[in-house]
Amino acid sequence: MSVQPVAFDPRVADIATRDARQAAMLRARRISDVRADPAWLRWSVIGIAVAFLLLFIVVPLVNVFAQALSKGIVAYGAAIIHPDTLAAIWLTIAASLIAVVLNVVFGVIAAWAVTKYEFRGKSILITLIDMPFSVSPIISGLVFVLLFGAQGYFGPWLQANDISIIFALPGIVLATVFVTFSFVARELIPLMREQGTQDEEAALSLGASGLRTFFKVTLPNVKWALLYGVLLCNARAMGEFGAVSVVSGHIRGETNTMPLHIEILYNEYQFMAAFAVASLLALLALVTLFAKALLEKKVAKTAAGSDA
């Protein structure tokens, strides 16, 4: 018995294709309808988020500036230019600048080691990089006191050689570096891991030296992540309180950073002066947020341009 071949009918194929397309559109519409939340739920979630931000961020921030200017701009300026305030400002800037530079060097080296090399103990290194996120800043300050304080392990030797670390700028810098060294490395590691080593290998194969490869290839590839890490590191360094409080000694006009100076003024019931100095840190936070937004916009534009 022979089987007769069935003639191909294009109309049947068109009908089948149309039915399949309509079925796919119906399934997509049902999925969209399931995923779309009701209007009352959307507005409730948005309202709760906005109310939370207003209550815990905007209102306290406005109150800081209102209290700072409560006695007028003249009193505000007098509180800012007070010698102890100026000393706290310059100490904060100096400690933050040194900490940021050291963290940039460490962050780049650590990110390079983690992403470019395979070695034993890599997971331990990554864990140590994340340590400041899990250890209280006060504990880190106590560690430096136990190491470099008068009764610490190196205290007698430091005193014999007239070297001051605790209750001096070096101790403040050490404490600041400890609580901020994760930021730069943590911004660079994911990006450098995603980029791989192809660009560096190509540059080396073309005869470029290791240093030239770093400055001409690696650094331009990670410049935005590096700037982002520097931004976060600087903001945290200027606002650090716990670790610096332990190692500073609270010496007015000498070892008080801006957060410590604010605490002293507030405890002495100089509320307007305390809020005046606090407003400077608030302005720093606003500038940081603005720079962060600009940087994210620049990164997004760069990524869109590279994709195109």
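Welcome to this predicted model.

**A first stop in the loops**

- The phi angle of H250 is near 55°, a positive value in a residue other than glycine.
- H250 counts as partly exposed, because its relative accessibility is 30%, a value between the 20% limit for buried and the 50% limit for exposed.
- D162 also belongs to a loop, the one between α8 (155-160) and α9.
- For D162, phi is near 55°, again a positive value in a residue that is not glycine.
- Is D162 buried or exposed? D162 counts as exposed, since its relative accessibility is 69%.

**The fold as a whole**

- How many helices and strands does the protein have? There are 15 helices and zero strands.
- The protein has 308 residues, and 32% of them count as buried.
- Take the contacts between residues at least 6 apart in sequence: 71% of these join residues at least 24 apart.

**Helices α7 and α9**

- Helix α7 covers residues 137-148 and helix α9 covers residues 169-195; the two pack at an angle of about 140°, with their axes 10 Å apart.
- Because of that angle, α7 is oblique to α9.
- The crossing of these two helices, α7 and α9, is right-handed.
- Which residues make the contact? On the α7 side they are P137, S140, F144 and F148, and on the α9 side they are L174, A175, F178 and V179.
- By type, the residues in this contact of α7 with α9 are seven nonpolar, one polar and no charged.

**Helices α4 and α12**

- Helix α4 (residues 83-116) and helix α12 (residues 223-239) cross at roughly 145°, and their axes come within 9 Å.
- The crossing of α4 and α12 is right-handed.
- From α4, the contact draws on T92, I93, S96, V100, N103, V104 and V108.
- From α12, the partners in the contact are L226, V230, C233, N234, A237 and M238.
- Sorted by type, the residues of the contact of α4 with α12 are nine nonpolar, four polar and no charged.

**Two residues of helix α9**

- S182 lies in helix α9, and its relative accessibility of 1% is why S182 counts as buried.
- What lies 2.3 Å from a polar atom of the side chain of S182? It is the backbone oxygen of I129.
- Setting aside neighbours within four places in sequence, S182 is in contact with I129, D130, P132 and F133.
- R193 is found in helix α9 as well, and R193 counts as partly exposed because its relative accessibility is 49%.
- Not counting residues up to four places away in sequence, R193 touches V114, T115 and I126.
- R193 and W112 are 81 residues apart in sequence, while their C-alpha atoms are 9.1 Å apart in space.

- T213 has its place in helix α11, which runs over residues 210-221.
- Why does T213 count as buried? Its relative accessibility is 3%, and buried means under 20%.
- Leaving out neighbours within four places in sequence, the contacts of T213 are with E200, A203, L204, A208 and T218.

**An alanine in helix α15**

- A291 is found in helix α15, which spans residues 271-307.
- With a relative accessible area of 27%, A291 is partly exposed.
- Where A291 and L231 are concerned, 60 residues separate them in sequence, and the C-alpha to C-alpha distance in space is 8.0 Å.

Key. Residues are numbered from 1 along each chain as its sequence is written. This is a predicted model: local features need pLDDT of at least 70, side-chain atom pairs count only at pLDDT 80 or more; totals for chains, interfaces and linings use all residues. Side-chain values use heavy atoms; hydrogens and water are left out. Axes are lines fitted to C-alpha atoms, for helices over the stretch in contact, and angles run from 0 to 180 degrees between N-to-C directions. Helices (H or I, at least four residues) and strands (E, at least two) are DSSP runs, numbered from the N terminus. Angles under 35 degrees count as roughly parallel, over 145 as roughly antiparallel, 65 to 115 as roughly perpendicular and the rest as oblique. A crossing is left-handed if the near helix is turned anticlockwise from the far one by less than a right angle, and right-handed if clockwise. Contact means heavy atoms within 4.5 Å. Ala, Val, Leu, Ile, Met, Phe, Trp, Tyr, Cys and Pro count as nonpolar, Asp, Glu, Lys and Arg as charged, and the others, Gly among them, as polar. Buried means under 20% relative accessible area, exposed over 50%, partly exposed in between (1.4 Å probe, protein chains only). A polar contact is a pair of N or O atoms within 3.5 Å; within protein, one must be able to donate a hydrogen and the other to accept it, and residues adjacent in sequence count only if both atoms are side-chain atoms.
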